[in-house]
Amino acid sequence: MELFAAGQPGLFRFEYFFALAIGALGIYLLLPSPRGKASVAGSIATLGSLGWLCFLGLAPGGFTIETGLFHLFAALALVGAVFLVTQTNPARAALSFVMVVICVGGLMLLLAAPFLMAANMIVYAGAIVVTFLFVLMLAQQDGPSDADNRSREPGLACFTGLALSASLLLLLQRDQDNADRGLGQMKALNAPVAELRLKQEQTLRREANGRPTAPADNTTFLGQTLYTTLLLPVELAGALLLVATAGAILIAQRRPGTEVTP
Amino acid sequence: MIQIMDLPPGLTHYLVVGALLFVLGLVGFLARRNMILMFLNAELMIQGVALNFVAFARHRGNLEGQGFVLFLLAVAACEAAIALALILVLYRTQHSLDVSLWQNLREEGLEPILDEEPLPLSPLEEKSPSLTVAGPGPAQPEETSHV
């Protein structure tokens, strides 16, 4: 709740923007280019921006084990993501994606979702990345190649990322400012929505620290939700998987006359 | 008003991490040229979205957000299957994973993007060892004194 508590409500906190801008510069320097990348300066800038963001995220509430684990997993996930974006060796990039998946799994555990943690790791780290690694190793070429050692418009890509992340943070911060001002103002603006929220919040059972209780038996309750509220989407997802399997087989078929010998 | 999640890390913390993962995936998707890495970056964006869903499920105290992440997994599996099939077809015709080889599909009137800077030489490239030429040996300097 305290993430954006430092400044005036309604004003954009510029320290976040500066941290993001330094991070974008670092990733620009780290992206592969035929001139060779500025690894040292780029790493310092990216790590500095990440550390600054972590420091800004530390609340004055003090250190708890949950805070420490959250910052550890979040920082490792972001470092893995930066590696995935900037590595020239695609196999290493795929392995750093596994690191991202594991750290996101840790964050899901902190959010009381153990089943999803396991499912996420099995599907991504166990199935998708391994299949991608097979294809990578079949298609791997020796030495530098156009595919791995050049970037397509790195400056514009980093600028897009900076614009998107800054606007997302601005939105989140506005939302939080509105939440901090409480339900009273919201009631004046939109009475039915405010009443609904109030009713929802009163019916939630809460723990001592004010969070809603999550069911202890996550898998059972998740299964119940899937086969009661979300029954139709489950059937649709099954149909989608079937269609995707048939489509993949159809696309990958060899057709005469399309192959070119190198 | 009951304060929701008064202790850090709150909902906003997780939303920021999810947003940053999404943005990094976007930058990678736009900037990289290896087709497989582009798809891995798309998966990274999906991870950010999944984190958002789980955080909202915790915030609201119900499990529908977590159910949606399962559908996200199903869609990601479909996407991986189709993507690998497409990459296989494209690799068979061009024998490279470089996505810029397909820029002849671009819009009419756009200039092609050409790579001007040469690639650096591979650091692994070494001169193969060579033997000395066989035949009469080089003339040795004769000793001046015959004792």
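Let me start with Arg150(A), which forms a salt bridge with Asp146(A), the closest N and O atoms being 2.9 Å apart. This is a predicted model, so please hear every value that follows as computed from it. The two partners differ in cover. Arg150(A) is buried because its relative accessible area is 8%, under the 20% limit. Asp146(A) has a relative accessible area of 30% and is therefore partly exposed.

How many salt bridges does a search of the whole structure find? Over all chains, there are 2. In chain B, the side chains of Arg33(B) and Asp98(B) meet in a salt bridge, at 2.8 Å from N to O. That pair links distant parts of the chain, 65 residues apart. Arg33(B) sits in the loop between helix 1, residues 11–31, and helix 2, residues 35–60. Asp98(B) is in the segment after helix 3, which spans 64–94.

In general, two packed helices are described by the angle between their axes and the distance between the axes. Helix 1 of chain B packs against helix 2 of chain B at an angle of about 165°, and their axes are 8 Å apart. Helix 1 of chain B is therefore roughly antiparallel to helix 2 of chain B, since an angle over 145 degrees counts that way. As for handedness, helix 1 of chain B passes helix 2 of chain B in a left-handed crossing.

The segment after helix 3 of chain B holds a few other residues to look at. One is His95(B), located in that segment. Its phi is near 55°, a positive value in a residue other than glycine. For context, most residues other than glycine have a negative phi. His95(B) is partly exposed, with a relative accessible area of 30%. Leu114(B) is also found in the segment after helix 3 of chain B. With a relative accessible area of 60%, Leu114(B) is exposed. Leu114(B) and Ser100(B) are 14 residues apart along the chain, and their C-alpha atoms are separated by 9.3 Å.

Now back to chain A. Its secondary structure comes to 11 helices and 0 strands. Of its 262 residues, 39% count as buried.

Next, helix packing in this chain. Helix 2 of chain A and helix 3 of chain A, residues 65–86, pack at an angle of about 155°, with their axes 11 Å apart. The angle makes helix 2 of chain A roughly antiparallel to helix 3 of chain A. Here the crossing is right-handed, helix 2 of chain A passing helix 3 of chain A.

Helix 2 of chain A also takes part in a surface feature. Which residues make the nonpolar surface patch of about 620 Å²? They are Phe14(A), Phe18(A), Ile22(A), Trp52(A), Phe55(A) and Leu58(A). Helix 1, residues 14–30, and helix 2, residues 39–57, each supply at least two residues of the patch. Helix 1 of chain A gives the most, with 3 residues. Trp52(A) lies in helix 2 of chain A. Why does Trp52(A) count as partly exposed? Because its relative accessibility is 32%, which falls between the 20% and 50% limits.

Further along chain A, Ala91(A) lies in helix 4, residues 90–110. Ala91(A) is partly exposed, at a relative accessible area of 22%. Ala91(A) and Val129(A) are 38 residues apart in sequence, and their C-alpha atoms are 9.8 Å apart in space.

Last, the backbone of Ala112(A). Where is this residue placed? Ala112(A) lies in the loop between helix 4 and helix 5, residues 114–139, of chain A. Phi of Ala112(A) is near 60°, positive in a residue other than glycine. Ala112(A) has a relative accessible area of 24% and is therefore partly exposed.

Key
Residues are numbered from 1 along each chain as its sequence is written. Chains are lettered from A and ligands numbered from 1 in the order in which they are written. This is a predicted model: local features need pLDDT of at least 70, side-chain atom pairs count only at pLDDT 80 or more; totals for chains, interfaces and linings use all residues. Side-chain values use heavy atoms; hydrogens and water are left out. Patches are made of residues with over 30% relative accessible area and no salt bridge: like charges are joined within 9 Å, nonpolar side chains (Val, Leu, Ile, Met, Phe, Trp, Tyr) within 5 Å. Accessible areas come from the Shrake-Rupley method with a 1.4 Å probe; for residues, only the protein chains shown count as cover. A salt bridge is a side-chain nitrogen of Lys or Arg within 4 Å of a carboxyl oxygen of Asp or Glu. Helices (H or I, at least four residues) and strands (E, at least two) are DSSP runs, numbered from the N terminus. Buried means under 20% relative accessible area, exposed over 50%, partly exposed in between (1.4 Å probe, protein chains only). Axes are lines fitted to C-alpha atoms, for helices over the stretch in contact, and angles run from 0 to 180 degrees between N-to-C directions. Angles under 35 degrees count as roughly parallel, over 145 as roughly antiparallel, 65 to 115 as roughly perpendicular and the rest as oblique. A crossing is left-handed if the near helix is turned anticlockwise from the far one by less than a right angle, and right-handed if clockwise.
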